[in-house]
Structures are given as C-alpha cells and as structure tokens.
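Subject: Structure for you to look through

Hello,

Please find below the structure I promised to pass on, followed by my notes on a few places in it.

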Amino acid sequence: MSDLVNDTAASTPRTIFLKDYRPPAWLVDSVELRFELDPDATRVSSRLQVRRNPAAVDGDEALFLNGQKLELEGVCVDGEPLGESDYRLDDEGLLIEGLADRALVEIDTLIHPRDNTALEGLYLSSGMFCTQCEAEGFRRITFYPDRPDVMARFSTTIVAERESYPVLLSNGNPVEHGELEDGRHWARWEDPFPKPSYLFALVAGDLHCQEDRFTTRSGREVTLKAFVEHANRDKCDHALASLKQAMQWDEETFGREYDLDIFMIVAVDDFNMGAMENKGLNIFNSSCVLASPETATDSDYYHIQSIIGHEYFHNWSGNRVTCRDWFQLSLKEGFTVFRDQEFSADLNSRPVKRIADVNVLRSHQFAQDASPMAHPVRPDSYIEISNFYTVTVYNKGAELVRMIRNLLGADGFRKGCDLYFERHDGQAVTTDDFVAAMEDATGIDLGQFRRWYSQAGTPVIRVSEDYDPGARRYRLTLEQSCPPTPGQEHKAPFHIPVETALLDSRGRPMRLRLDGEPQAGGTHRMLELREARQHFDFLDVEEKPLPSLLRGFSAPVKLEIERTPEQLAFLFAHDPDPFNRWDAGQTLATHTLLGLVEDVQLGKPLRLENALVDAFERTLAHPQLDPALIAQALQLPSESWLADQCDTVDVDAIHAAREFMRKKLAEELYPTLLQRYRQYDVDEPYRFDAESMGQRSLKNLCLSYLLETIRGEARNLCFTQLEKAHNMTDTLAALSSLAQFDWPETEDYLQRFYQRWQHDPQVVDKWFAIQAGSRLPRTLQRVEALMQHPAFRLSNPNKVRALIGRFCHGNPVRFHAASGEGYRFLADRVLELDAINPQIAARLVSALSRWQRFDRLRQDLMRRQLERILNTPDISRDVFEIVSKSLAPKD
C-alpha cells in the first residue's frame, strides 16, 4: 500500500472474506410485510417467524437484523414490546438477545422514499414507488437478516392512495384487495416459494397495463403483464413477445416451466442496473423494455430480447436455486448470461452473437483481468459487493459454463443441469455445487477445472507446430501460462478446451486422427489442455496444415501463434468456422494498426499494404457471406483494444493510426462500399429479424466509411438518410456518423433530432451519447454544456451513463487529452455523484483504474485525481474500494 492509502487506514471500510463465511445463526420461515406508502414517510411493519439454525456454528448467537437509514418505531417479541434496553441499535442494524429457539419478531419502521437518491431499497421514480433490493437494498426497507442464504416465504400488503397509485404490485400471486374509507386502497400478495430478501419487490403507481397469455407445456395458463407509464403504452409489444419466446425456449432447451399464475414486467426510468429478476415481478430499466421502430434501434430490440430472456431465465437459475453468499454471484449470473446468450443465438444469428459476446469479453473483461480490480469469477474478498457486478462475474462466468458444456457435450451438460435443478431446488448453494452436479451426472472429473473459479487473470496459450512430411505426422504443442494478478502471483495450470481443426491448402478441414486413435474420423477435435506444456500428435496428415485453433472461441484465453499476413488473409478468406474467420481478419487488422502506431510515433509516412486492402475488399464483395458477418469483419479493432496490445498506451498515436486506416480503406473501397450501401438502402417496413438487421448493419457501416472520404456524394447520402429514414436504426446511424465531422449541417441535424424527440427520455439519452462520443476536439466542452441542458439530470443513472459515462469510458482520445482536463472532469463528477448515488459514482471512477499503463505525464495526472478523491472525507465504500485498489502499488 502507498503512504496515502496507509494515511486513511483508520477510516478504511471493513473487508469481507469468503474464508470467513458462516451459516446464518437464525433462519426465517415466513415474513409478513405491510407498507403504508407515503413519498415522505412510508411506514413498514414486519412479522418474522424466526428459528435458530441447527447448522449454525454458535448455537447461542443473538439475532442480528441488518438495517440502514431506518427509523425504528417499535419492536415486539412474541407479542411483548421491547424497551430500548432490550436491544442494541446502530448504523448497521438491530441486535436482539435472549430469544427462545423460535420466536415471532414484529418491527415497525419509518423510511423516506423521496429522499432515497441511491436507488437502493424503496424509492420514487417518475412519481411511482419501486424497489431495488439486490444486493443489499432490503436492509433499507426494514430490519432483516439481509443475506442470500436466508430464504423465507413472503406475504406483502400494500396500502396507498387509490387516485395516485391505482396499481399495487409485489411478488407472487395476488390473493386479496380492498378499499379503505379514507380514499386509500390495499392489495395483498403471497409468494409460495421461499426466497432471499434480495428478490423482494414492490411497485405502486399510475401505470398502463398491457396483458397477454402463455400456455405452458403442461397446459397451465400464465397471465403476462407489462406495466409502463401511459405515454409508453405503444412500446410494450416487443417485450411481451420476447417474454413468450423466452418461456417457450426455456421449456424446450432446459425443460424449465414457469411456476406462478402471473408474470409481470415493470419499466422504471430511474434504475441503477439493467433489470432485476424479482420473483414474478421483474423490474426493468425503461431502456431495456420500451421499443418501437421509430424510437429504438436494432441494437435496442436485440438487447431487450436478450435481457427479457435473462431476467426470465433467472426464475430457475437464480430464484428457485440461488447463491449461498455473494461470493457465489456467478452461480446465478454467469449461468444465466450463458443461457441468454444461447437464447439470442438460437433466435438470431449464432455467429454474429458469438462475435459480439467475445468482443465484450476481450475489450472489457480481459482489460479487467489486467487491472488492479482483477478478481476471480468467485472473488475471495470485497468491501462493497456492488463493485463485483462485473464482466468477470457475468461474462467470464458465462464462458466457464460454456467450457463445461464443451467438455461434457450437449447431452451431458443437459443432464448436469437437470440434476442441478432437481438436487438444489429451493436451496442457496455454491459454484462447487454446480460443478459437482455436472460431474455426478456424467462421471467426468472437473476437479482441475474448478481453478477457473478461484484463479484470476486471462490465460495465454503459446502455440508451436512441427510437420514431418515423411512420417505424415503433425505435432501441435500448446503451452499455457497466466500473468500475476493482485494477491495471486503464481497460477496452477487450467483445464482448457481447445477446439481444433487442420485446414489443407484449399481451406478445407482435414479428417483427423490423433495418436492413439485407431482411425481417422471427423474434422475437428476438442483438445483438452491440462498441463503447462502438452503435445498433440496428428497422424496421416498428407500436407502441412494450417491450424484453426480455439474455434468458436472455445475458452476465454489469449492465443499466441506466429502467422504471416498471408496466412491470416487465407484464414480470413477460407476458414469454415465463422468466428475464426472473423478473428483472422481482426488479427490481421490489429497487426497492421500496431505497425501504423509505431510509424506515427517515429514520424514515418503512413501506408497500407495492398494485401490487406484486397482482403477487406474480397470480404465486402463476397456474394454468399451473411451481411451481418461482413459488417462485423469490416469493423476495425477499437482504440481500447489496440491500447491493450501496447506496453505503454499512446492514445494519440493509436487514434491517428486507426483514423488513417479507416480513411484509406474508405478511399480504396469507395465503389464497392457505395454499391453495397445502395444494395441495402431499401424502402421497406421495419422488421426485427436476423436478415433485416444484417442488411441494415452493413448498409450503415458502409455509410460511416463513405463519409470518411468527405465527398459530396457521401455527405448527400447521409443527409438523405436522415431526412427519409423511417426507423431509429437508420436515423441514429447517420446522425452518429455525421457527429464526427465539424460541418455546418451537423449542428442543424442534432438540434432537429432533439426537437423531434425531446419528449422521449430514451431517445434523448441517445442524443446525449452521440455527442459525448464525438472525436471532435471540443467534445468535453460540449459535454459540460450539455450537463446544463434541461433534459439532463445527474440523479438519473441513464442520463449519467449516456453523457458522462460515454465520454469517460467510450471516447479515449478526448478523455485522455494530455491537458488532463478529462480526468479533472471525471473526478468532479465522481465526487458530486458519490453523495447522491455511490454505485454509479464507483462505476464511473473505474475509467482511471488502469492509469499505470499510460505515459508518465498521463500517469501523474490520473494519479493526482485518484488521490484527490481518496483524500475527500466521507467517500462511500463503493468509491473507496475502486480508488484504493487502483492506487495500490503493483506486486
């Protein structure tokens, strides 16, 4: 630790360790809640049937109930009121000693939803009451053992003014409702399934309800309801259609049927996350529910379908079987991300989905593995659990599940899932329990595989090869290693599935025979790398092959293999595996761009090899390739990804190199780009399907390249598209491309866009994000001005993400300006937000966490802002954890 961090030791928040886990001392069998809703003073009454846990370490431990920012009005045990001397109350909760082995505990509390800007617990959004209890928000509602391994049956009664809050919702099934004489009304909900407190939900407001039905495979009819603000009543169709698709897919693919009479979706404007899988009552960020062709892009439609599926799939992978403690978060999130990825792949384009998922992993998760915030999929410790809702826990966790399926095969994996759900229904369990179910169902030993859950970092596989033409033997040697990460200097070898094919000189997969196999069969093998160094010998190989490794990205690793530009171009043109074909093109582009970065630094003239231009043109003009795959292939590696490939990040050189390559490709491929654009520039009604999305994605990518030439023809195409587009996908694509240029028309079209859509918060967020992502020199000044815009609210997470988050996390060349003004801007916003919403502040400050990878000037500038934040009195645990770990010296 640095001296600065040591200076703050007296106020350092407590660290929670996995090794310290103990079963709860008390269990709760049932909970009866009563809410008398008022924006300024809501009264919450709770009745808890508690009993000592026979599995507890200490059988005499007192009952501790978590509680934060609550006003305690009264406590009774078995009907007897307690005096202040009968319990202990502090900022973290309520301790009651001397209880019998079973007891009825009744508690009255007062809370203030209108003042709750942290958006945890019960709060107000656009005039309606809503909750967010994961991970530890329930303790802001009432005193309770707020941990995931305490599961109880909940009954909830909600009382509120009928005129202001005609809709009263909670978990489970509605059982009673009625009127009161004072203009209020009430409703009671019962959830028959035990659940932890983080899955509790309540919504009350004046909402439009759109209803549908779904019949399960057993013949049970389930009522589906989407609740939205009345102005959004025409934007629910896609969400409900996606929900029905998810319910059917889960029955067909995993054998999981829905278990309640009703499933509800609620759209909320103010929400820290994307959505929350509360049992039977899923609460969503409005951006993850509302869609119409005029206001939502293809990406929005796709994301909504995916996230609706994700939250629904949690009904089994998260709700019916939940995690024992928050260190096991990936048990539900990694598994469910894998399920939603497969859902999206089955309903749309599997290759495009796989490429998109790997892009997220490489761009964000690999970067996290290389940062001070690196942690295993199952973390060892945390200060604030909200900081561990990360791409490692979610996306890398999904890759671990995918690797298990790769190793067990589809049938074995399904057997393992069936056993897992059957064995642990109604329980709070661990990642070890999940892996054990896979082993027990198939008899396959996954002992070494468990290291993926406990070891942090991105493994590297170095490849060497040797071909003996006389013996017709091809030897593939794989050597694995993993860089040190905080607290883990040395790593034991992982169990890595490496899907492999060998391509002949025409690009065709060879039939394979590994040493030890009696005869050749099939054209691919799932090699299992277990040792630090391992040989794989292929027999009867007629010519020296070109290996196609890690097909479909069969493991979340980095591959180091020497390949010439000609070999990469060959794979880019011929590899039958769509992912590896795309990856070869990205690798070719990356190598070229890194060479250009070096040329920029040395002041050399920049040039692009004809071989690369030809490879891109062949792909662009390919008549049989899916347009969506072509669009993915022609997307250049991002500046952030290129930065990750450099020992020291040179922001300006990376930007200059990438901009040169885009402009050069645009000039060289102009006729083909124009032909492709016109081919797919059709006047047809909007359709959300894989074919239509692919055609729009290629058309709009071509437009972005064409504009780089700044030719009048290209500009007119952009202006015409803005004038005539009848869907948000085409409108936003044209406006985003235009926003990169300082032309008179740019400001005009930006203002016209706002004037048309100022009434729609989700579309206004897109307007903010477009401007924050511009490469133009004065973008920070524009962002600062937009913070004063009447449509911007610092208290709204979506607005913060769209404007501040997009600039600081998605615009590297402007955020990392050598003046340091971007860093000062971020630190100001973090400190401002920390007092309002610590979760959002912590996510923003992570943009500074990799400061040690930059040049000395930028290192110093970033470090000063991190130190300034850390030295600020009373910063939250959320922000403290990110900043203190960022400043900690490298091991």
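A residue is called buried if its relative accessible area is under 20%, exposed if over 50%, and partly exposed in between, using a 1.4 Å probe and protein chains only. Please bear in mind that this is a predicted model, in which local features need pLDDT of at least 70 and side-chain atom pairs count only at pLDDT 80 or more, while totals for chains, interfaces and linings use all residues. Residues are numbered from 1 along each chain as its sequence is written, and side-chain values use heavy atoms, with hydrogens and water left out.

Ala 187 lies in strand E15 (residues 184–190), where strands (E, at least two residues) and helices (H or I, at least four) are DSSP runs numbered from the N terminus. Ala 187 counts as buried because its relative accessibility is 10%. Setting aside residues up to four places away in sequence, Ala 187 touches Thr 156, Thr 157, Ile 158, Leu 168, Glu 176 and His 177, contact meaning heavy atoms within 4.5 Å. Leu 169 is 18 residues from Ala 187 in sequence, and their C-alpha atoms are 7.8 Å apart.

Four strands form an open, antiparallel sheet in the order E10-E11-E16-E13, and two strands are said to pair if DSSP finds at least two bridges between them. At the edges, pairing on one side only, are strand E10 (121–125) and strand E13 (167–170). E13 and strand E16 (residues 202–205) run antiparallel and are joined by four bridges, and Ser 170 has Leu 202 in E16 as its bridge partner.

Asn 272 is found in the loop between strand E19 (262–268) and strand E20 (275–276). Is Asn 272 buried or exposed? Asn 272 is buried, because its relative accessible area is 3%. The side chain of Asn 272 reaches the backbone oxygen of Ala 118 at 3.0 Å. With the side chain of Asn 837, the side chain of Asn 272 makes a polar contact at 2.7 Å, that is, a pair of N or O atoms within 3.5 Å, of which, within protein, one must be able to donate a hydrogen and the other to accept it, and residues adjacent in sequence count only if both atoms are side-chain atoms. Beyond its neighbours within four places in sequence, Asn 272 is in contact with several residues, including Leu 119, Pro 797 and Arg 843.

Best wishes
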